[in-house]
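Trainee: I would like to go through this model feature by feature. Please give the general idea each time, then the case at hand.

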Amino acid sequence: MQIGVAGLGRMGANISRRLMRAGHGSVVWDASQAAIDGLAADGATPASGLADMVAKLSGSPKTVWVMLPHGKVTEDTIAALGALMSPGDIIIDGGNTYYKDDVRRGKELAAKGIRYLDVGTSGGVWGLARGYCLMIGGDADAVRHLDPIFATLAPGLGDIERTTGREGRDPRAEQGYIHAGPVGAGHFVKMIHNGIEYGMMQAMAEGFDILKNRASAKLPEAERFDLNVGDIAEVWRRGSVVTSWLLDLTASALATDEKLDGFSGHVDDSGEGRWTIEAAIEEAVPAEVLAASLFTRFRSRQDHTFAEKVLSAMRFGFGGHVEAPKKG
């Protein structure tokens, strides 16, 4: 299949590359000519703009995957594509858009006969090699039409032990992608995924902070332990119940910089954590851990503990997120 990809940042470029490696065609555009040239060198068809991208897509329906930061740039890009594409065509938003914006956009595009899919995409900078976990919202026929694309991007079964009792259920979930529901459902599921991620990261970071501070002179001498947190992270990776990719990233960071001096502890949030708490309030669902993890990120921008350095190290590890520069 052939697909257009608008936005060639850390994830958009690798989505295009993963598709091309599997034999799919990719027409690419980005505000950066260097990014376009890089993908063209890998075999993509370069486009000079959105109109040129749509014109270079062959066949019907045409599909464009938008992979840009949520907000105005995504709004403007999807509005422009809505004016360029034809009834039956498909626009995908693979970024971290607020699900209520998806619902609005879906209605606006449906009035033109254009189908809109919101695809929550998890995998970060590792997606090219590992694949992407995809949570899809939108028209079922459009999702079925693009199944070869989603199946290529997803990780597949891999070596993960299969879950007992899933016989007769949708096999796509085991492959790493699901059709979550109508427009908005994909990004809603991804939003909650990211909210959970905040809580998991915070729990791990606080645990390592407690380990590190056990050597404090404020404690009775006999109860002080000078613990090697790098080794602890490594041993927990092997057979413990807290084994996870986040722990893998933490162990990797501590192995090369045990004091995490390369991180200040300034931890940003990209919006999904806030939206998760808003959803919890709307539904009257208690979310104490997720709320506390979000507020800790706010506090991290004022003063920093080792826990915040661990959080920064994990965010850099899975997503290539670089800390904001210190304000002079």
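Trainee: Where does Leu260 lie?

Mentor: Leu260 lies in the loop between α12 and α13 (272-283); helices (H or I, at least four residues) and strands (E, at least two) are DSSP runs, numbered from the N terminus. This is a predicted model, in which local features need pLDDT of at least 70 and side-chain atom pairs count only at pLDDT 80 or more, while totals for chains, interfaces and linings use all residues. Residues are numbered from 1 along each chain as its sequence is written, and side-chain values use heavy atoms, with hydrogens and water left out.

Trainee: What is the phi of Leu260?

Mentor: Most residues other than glycine have a negative phi, and most peptide bonds are trans. Leu260, not a glycine, has a positive phi of about 55°. Ala284, in the loop between α13 and α14 (288-300), also has a positive phi, near 55°. The peptide bond from Ser60 to Pro61 is cis, with omega near 0°, and Pro61 lies in the loop between α3 (50-56) and β4 (63-66).

Trainee: Is Leu260 buried or exposed?

Mentor: Buried means under 20% relative accessible area, exposed over 50%, and partly exposed in between (1.4 Å probe, protein chains only). Leu260 has a relative accessible area of 1%, so this residue is buried. Ala284 is at 65% and therefore counts as exposed.

Trainee: Which residues touch the most other members of the largest nonpolar core?

Mentor: A nonpolar core is a set of buried Ala, Val, Leu, Ile, Met, Phe, Trp, Tyr and Cys residues joined through side-chain atoms within 4.5 Å. The largest one has 48 residues, and Trp65, Ile91, Ile92, Leu117, Leu134 and Phe150 touch the most other members. Helix α1 (residues 10-21) contributes the most to this core, with five residues. Apart from it lies another core of 24 residues, including Leu260 and Phe306.

Trainee: How do α10 and α12 cross?

Mentor: Two packed helices are described by the angle between their axes and the distance between the axes. For α10 (residues 185-212) and α12 (residues 245-256), the axes come within 11 Å and cross at roughly 40°; axes are lines fitted to C-alpha atoms, for helices over the stretch in contact, with angles from 0 to 180 degrees between N-to-C directions. The two helices are therefore oblique to each other (angles under 35 degrees count as roughly parallel, over 145 as roughly antiparallel, 65 to 115 as roughly perpendicular and the rest as oblique).

Trainee: Which residues of α10 and α12 meet?

Mentor: Met200, Met201, Met204 and Phe208 in α10 meet Leu246, Leu247, Thr250 and Leu254 in α12, where contact means heavy atoms within 4.5 Å.
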